[in-house]
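Dear colleague,

I am handing over the structure below, and I would be glad if you could read the notes that follow with it open beside you.

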Amino acid sequence: MKILFIHPAFPGQFKALAPSLVRRGHTVHALSRTMEVPSGWSGITVIPYAPSRTPTFGVHPWAAEFETNAIHGEALFQRALTMKAEGYAPDVIVAHPGWGDSLFVKEVWPQARLGIYCEYYYRTEGADVGFDPEFPAPDAGDSCRLRLKNAANLLQFETADAGLSPTRWQADGFPRLFRDRITVVHDGIDTEAVAPNPDAKAILNGTLQLTRTDEVVTFVNRTLEPYRGYHSFMRALPRLLARRPRAHVLIVGGAGAAYGAPPPSGTWRDIFIEEVRGSIPDADWSRVFFLGNIPYEHFVSLLQLSSVHVYLSYPFVLSWSVMEAMSAGAAVVAGNTAPVREVIEHDRTGRLTDVFDHRGLADSVADLLADRTARDRLGAEARAFIRANHDLRTVCLPRQFAWIDELADGRG
């Protein structure tokens, strides 16, 4: 079978699925705008494409994102026409529709079966928008902008034959009209690679060595911003450091903004550092380490070292990092939101706390640091849950293969 993946930064969410399909004997191509991997990666022919124009200056702000989606869709459409002229015709197309790239792919290959990755549908209530009272919507028209932000998703449901979503909460965010066409299968966690390691260690500043015998608190996000609870975590630090004078805090993430709005000036990272700096003595502050963005193998080692991993987020796309922390056997303290509750059951696979209750967060983490028995129990239960429900090889890939087969057979 000839399978075409579409993702502007391929492989993205398909980094395990696409190579696995090659190993199953399928011929796999991918279209990518940013060429994160070279052509030939894992046996996949990766083909670049690029927009021929930029967004129009001064376009209506509510419509700006859709114009960008259309530009991306046109770029892929033109590249697909060239591929068709060269004789290429896929049987199945699997696309991430979030940026509009696959908007017009069925105009080129109408007979191909199209499955789309249903990552997120924007809502004005019950999700990220309006969740944080500290950062209200900038104007009343924000709900109108969000409706248009979903336009590319809606248009692609018209041509898609099936959908795939990584969590039930994400799938349920899509309009009821389309929900029955979405299959819920997570991308998968490699529980063999991300496993407990009693010998895990890290050397910081060239001199400080931390091992599993130390109290290590980890906080990981792509970027350090309010969307992922960074402000609440920082506000918890003064109390946490005071209660646990031997704890070390390791913070991973970039200084930009990936999901929410940028700050008025500077970076969210520095804004909240300055907010709490005066409440933390220098001796305590020396136990806090900002590591920036780190290579994946170092990230895994960090999770294996973690005594307590903290995950906070608005109700939004569930991060792989919290599930990988669970797979590594870390005790997790997480914000009590609907997407998190799919993987964290309070006091079974982790502990839940109010995202904005930084005092309660500090106490939850400090209490776990003081209770090794509870940490070990929660970490073991967390890993068992991930292995049983989200293991890449035994659970997720087989279900993804079944979804591909049903899509190809017209049953998707």
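Axes here are lines fitted to C-alpha atoms, for helices over the stretch in contact, and angles run from 0 to 180 degrees between N-to-C directions. Helices (H or I, at least four residues) and strands (E, at least two) are DSSP runs, numbered from the N terminus.

Please keep in mind that this is a predicted model, in which local features need pLDDT of at least 70 and side-chain atom pairs count only at pLDDT 80 or more, while totals for chains, interfaces and linings use all residues. Residues are numbered from 1 along each chain as its sequence is written, and side-chain values use heavy atoms, with hydrogens and water left out.

With that convention, helix H15 (residues 372–390) packs on helix H16 (residues 392–408) at an angle of about 35°, and their axes are 6 Å apart. In this pair, Arg387, Ala388, Asn389 and His390 of H15 are in contact (heavy atoms within 4.5 Å) with Leu392, Thr394, Val395, Cys396 and Arg399 of H16. The residues of this contact divide into 4 nonpolar, 3 polar and 2 charged, where Ala, Val, Leu, Ile, Met, Phe, Trp, Tyr, Cys and Pro count as nonpolar, Asp, Glu, Lys and Arg as charged, and the others, Gly among them, as polar.

A second pair is formed by helix H8 (residues 230–243) and helix H14 (residues 358–369), which pack at an angle of about 45° with their axes 8 Å apart. The contact involves residues of H8 including Phe233 and Leu240, and residues of H14 including Leu361 and Val365; by class, the contact residues divide into 8 nonpolar, 2 polar and 6 charged.

The side chain of Lys106 reaches the backbone oxygen of Ala112 at 2.7 Å, and, leaving aside neighbours within four places in sequence, Lys106 is in contact with Ala112, Leu114, Thr159 and Asp161.

Glu274, in helix H9 (residues 268–277), is by contrast exposed, with a relative accessible area of 51%. The side chain of Glu274 makes a polar contact with the side chain of Arg277 at 3.2 Å; a polar contact is a pair of N or O atoms within 3.5 Å, and within protein one must be able to donate a hydrogen and the other to accept it, while residues adjacent in sequence count only if both atoms are side-chain atoms.

Key: Buried < 20%, exposed > 50% of the residue type's maximum accessible area, 1.4 Å probe, protein only.
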